[in-house]
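Have the sequence and the structure open while reading.

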Amino acid sequence: MKFGRIDPSLLQMAQLQLPPDPAMNAGVLKGKSATAPAIYLGCTQWKCDAWLGKIYPANIKDADIVDTYIRQFNSIEMNAMHYRIFPAETVKKWVAKVKGRSFKFCPKFPQSISHYSQFTNATQQTQQFLESIEALHPHLGPSFLQVSEGLSPAMQAPLMEYLASLPRHLSFFVELRHPDWYTTDIQQQTAQLLQQHSIGWVITDAPGRRDVCHMQLTTDIVLVRFLGNNLHPTDYTRIDAWIERIHHWVKNGVREVYFFMHHPEEEGAPELIDYMAQRLQLQTGIMCKRPQFLPKQSALFE
């Protein structure tokens with residue numbers, strides 16, 4: 001993901017602190033820990049060449065990639081669905097591979113809906129998408145709609161009508177990128193509408209766009225997209241801040257956290273997930289899935 005990136009030489013001087021929780025979060029955070037809260041850490045794709053010899057065998061066969069990913073992580077942000085709606089038969093094969101595991105798929109809405117439909121002519125595509133993701137049960141996590149960066153609050157009405165039309169028994173999130181969504185009045189109004197419709201608001205921790213790291217909770221599920229920089233020192237300090245915030249949220253009623261790593265070529269994702277998983281377990285007591293590194297590779301935090 002290139003959105004919100006800055007030159008790595010500027011990272012050390014960038015203001016990357018997490019903002020405080022908006023006051024409206026008190027309407028979601030009830031002050032009591034949810035029963036059996038869960039934390040899911042994952043990547044954006046099944047395979048990365050930089051993982052070969054690190055967490056994947058160097059000579060891994062294509063037929064073994066999905067199985068290996070599932071053994072290493074407990075969730076995936078399914079960016080592939082942004083470009084293609086997979087038939088239910090294919091989806092069911094993935095589900096069969098995770099049977100008996102605590103694993104969640106988080107599909108991304110097709111761009112035919114999110115970028116080209118204007119949310120007024122998307123019935124057929126939406127039905128096809130819903131049929132596809134329904135086949136992911138019982139391993140379906142939240143699905144998220146990433147709208148175009150050019151979509152401003154002028155389109156709030158059709159967007160909200162579309163989100164309100166989605167089935168309530170499934171979990172949905174929306175990612176908003178136009179800066180005008182983050183003016184004070186619009187952000188509060190949008191948060192109220194999303195909370196009313198039980199739609200989550202994706203939090204994107206992007207060094208070059210701090211407005212989208214808004215910390216606004218509209219449901220008791222959290223979905224974070226984290227733009228890392230292949231283990232730059234600021235990756236660790238930012239993750240430390242996230243661990244503190246997630247610990248606070250979990251203690252106060254958040255029941256599920258989905259946290260997805262985006263790195264250039266996904267190279268540093270396994271190490272940072274391992275670091276985060278260990279720290280989260282220490283802080284929250286929640287068991288977090290850790291990737292297993294191949295011999296002669298070691299985790300960076302012990």
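Histidine 139 lies in the loop between α4 (123–134) and β4 (143–146). Helices (H or I, at least four residues) and strands (E, at least two) are DSSP runs, numbered from the N terminus. This is a predicted model: local features need pLDDT of at least 70, side-chain atom pairs count only at pLDDT 80 or more, and totals for chains, interfaces and linings use all residues. Residues are numbered from 1 along each chain as its sequence is written, and side-chain values use heavy atoms, with hydrogens and water left out.

Histidine 139 has a relative accessible area of 8%, so it is buried. Buried means under 20% relative accessible area, exposed over 50%, partly exposed in between (1.4 Å probe, protein chains only). Setting aside neighbours within four places in sequence, histidine 139 is in contact with Val95, Val98, Lys99, Arg101, Phe103, Lys104 and Phe105. Contact means heavy atoms within 4.5 Å. Proline 138 sits in the loop between α4 and β4 too. The peptide bond from histidine 137 to proline 138 is cis, with omega near 5°.

## β4 and β5

β4 is covered on both faces. Ser143 and Leu145 are buried on one side, Phe144 and Gln146 on the other. β4 runs parallel to strand β5 (residues 172–175), joined by 4 bridges. Two strands pair if DSSP finds at least two bridges between them. Phenylalanine 144 has phenylalanine 173 in β5 as its bridge partner. From β4 the chain crosses through helix α5 (residues 156–165) to β5, in a right-handed β-α-β crossover. Right-handed means that, with the strands pointing away from the viewer, the path from the first strand over the helix to the second runs clockwise.

## The six-stranded sheet

An open sheet holds 6 strands in the order β3-β2-β1-β9-β8-β7, with parallel pairing. β3 (104–107) and β7 (203–205) stand at the edges with a single partner strand each, so one side of each has no neighbour in the sheet. Twist averages 25° from one strand to the next. Axes are lines fitted to C-alpha atoms, for helices over the stretch in contact, and angles run from 0 to 180 degrees between N-to-C directions.

Strands β8 (residues 221–227) and β9 (residues 256–262) pair in the parallel sense over 7 bridges. Leucine 227 has histidine 262 in β9 as its bridge partner. Helix α8 (residues 269–284) packs on the sheet and touches β1 (38–43), β8 and β9. The direction of α8 makes about 170° with that of β1.

## Helix α8 and the cores

Of the 16 residues of α8, 12 are buried, so the helix is largely enclosed by the rest of the structure. These buried residues pack against β1, β8, α7 (233–251) and β9. Glycine 285 follows α8, with a positive phi near 80°.

The largest nonpolar core has 88 residues. A nonpolar core is a set of buried Ala, Val, Leu, Ile, Met, Phe, Trp, Tyr and Cys residues joined through side-chain atoms within 4.5 Å. Trp94, Leu145, Trp242, Phe259 and Met276 have the most contacts inside this largest core. Apart from it lies another core of 10 residues, among them Tyr40, Phe144, Val202 and Tyr258.

Serine 198, in the loop between α6 (184–196) and β6 (200–201), has phi near 60°. Its relative accessibility is 40%, so serine 198 counts as partly exposed. Glutamate 266, in the loop between β9 and α8, also has phi near 60°. Glutamate 266 has a relative accessible area of 6%, so it is buried.
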